[in-house]
Amino acid sequence: MGDQRVCRIVRPNSKEGVHCAEMAMVCLTDFEEYAKAHLSKATWDYYAAGADECCTRDDNLLAYKRIRLRPRILRDVSVSDTRTTVQGTEIGFPVGIAPTAFHCLAWHEGEVATARATEALNTCYITSTYSTCSVEEIVAAAPSGYRWFQLYVYRERRLSEQLVHRVEALGYKALVLTVDVPYTGKRRNDIRNQFRLPPHLKVKNFEGVFQQEASVPEEYGIPANTLDPSISWKDIHWLQSITRLPIIIKGILTKEDAEVAVEHGVQGIIVSNHGGRQLDGGPASIDALAEIVETVAGRIEVYVDGGIRTGSDVLKALALGAKCVFIGRPAVWGLAYKGEEGVREVLQILNDEFRLSMALS
């Protein structure tokens with residue numbers, strides 16, 4: 001399974017001082033444990049956070065464990081091919097990087113390292129609006145990488161419009177409109193920790209934009225109440241009027257909204273509950289996938305994120321109709337372990353496990 005390096009996790013032990021445990025990085029849980037041990041508490045809590053009681057966050061994982069595969073045997077599996085296409089572009093395997101904020105909290109190179117890793121493995125990287133490297137820096141670091149850009153709609157529409165034009169000019173291949181954040185979910189540990197970006201980090205895509213409003217309370221690196229809670233389906237038409245990029249909607253969890261999305265001419269849906277960070281008590285994203293796939297009926301591509309931790313999870317999502325899956329937190333764990341190399345290892349492990357699960361199924 002790729003390069004199974006050994007890391008050392010150091011933990012305090014009440015009787016013997018420091019206790020060192022050897023750990024081979026063979027599955028995504030190993031990266032999770034490493035990240036938890038090495039990141040600051042506030043940073044770990046930020047990445048791990050779910051909304052309210054974290055029921056939906058936790059169910060994203062549990063839902064995959066409830067799904068069973070029905071293997072067929074004595075099929076020739078001597079040759080396997082994990083390549084697929086998304087929006088007409090071939091990628092090496094059906095696992096991309098979901099938009100996650102503030103990669104520089106996990107590794108000093110941040111999103112630049114993530115971009116290089118996904119370029120090396122030829123898969124899709126959805127860059128977050130809330131990245132700690134600018135879209136220009138990301139493209140310069142991985143010029144031939146395949147990228148989409150995650151977009152929010154702001155009260156000041158000019159901000160969203162400027163971002164769209166920037167990424168279109170830079171060669172991003174699609175816009176991923178995140179629609180489940182009219183307001184930010186209540187993440188209790190972030191409130192307890194009074195989470196703020198450290199002074200040396202910025203939301204680089206907005207650098208200089210909000211300087212005149214320094215007195216306004218901050219929320220995740222930009223002034224509070226900047227997102228537009230009035231966003232509605234009519235804004236899809238507005239977005240289509242300012243760009244020629246495909247529009248993919250991220251955050252749909254019902255067949256009813258999937259049908260409306262198709263009617264509005266979008267090119268894709270990411271079935272997502274925002275990693276359980278928004279509405280607590282909604283469905284696990286994998287549990288919402290099947291009805292959306294059935295409703296869409298092949299008219300547009302459907303993807304899913306949330307809770308994917310093994311190659312068999314990838315296979316389950318594809319078997320239920322997803323064209324590709326996206327991982328969020330595991331990419332950050334890879335960064336925390338060893339930057340670009342760590343993200344590559346996480347992706348490679350998922351690809352190897354997916355290939356093995358396909359063959360055994």
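Colleague: Is Arg-157 buried or exposed, or partly exposed?

Modeller: Arg-157 is partly exposed, at 21% relative accessible area. Buried means under 20% relative accessible area and exposed over 50%, with partly exposed in between (1.4 Å probe, protein chains only). This is a predicted model, where local features need pLDDT of at least 70 and side-chain atom pairs count only at pLDDT 80 or more, while totals for chains, interfaces and linings use all residues. Residues are numbered from 1 along each chain as its sequence is written, and side-chain values use heavy atoms, leaving out hydrogens and water.

Colleague: Which side chain does Arg-157 meet in a salt bridge?

Modeller: Asp-228, at 2.6 Å from N to O. A salt bridge here is a side-chain nitrogen of Lys or Arg within 4 Å of a carboxyl oxygen of Asp or Glu. Arg-157 is in helix 6 (residues 157–170) and Asp-228 in the loop between strand 10 (222–223) and helix 8 (234–242), so the pair ties together parts 71 residues apart in sequence. Helices (H or I, at least four residues) and strands (E, at least two) are DSSP runs, numbered from the N terminus.

Colleague: And Asp-228, buried or exposed?

Modeller: Buried, with a relative accessible area of 10%.

Colleague: Other topic. What does Glu-156 form a salt bridge with?

Modeller: Arg-158, with the closest N and O atoms 3.7 Å apart. Glu-156 is partly exposed at 40%, and Arg-158 is partly exposed at 44%.

Colleague: How many salt bridges in the whole structure?

Modeller: The search finds 16. Among them is Arg-57 with Asp-58, at 2.9 Å between the closest N and O atoms.

Colleague: Which residues are linked in a network?

Modeller: Asp-59, Arg-66 and Asp-287, through salt bridges.
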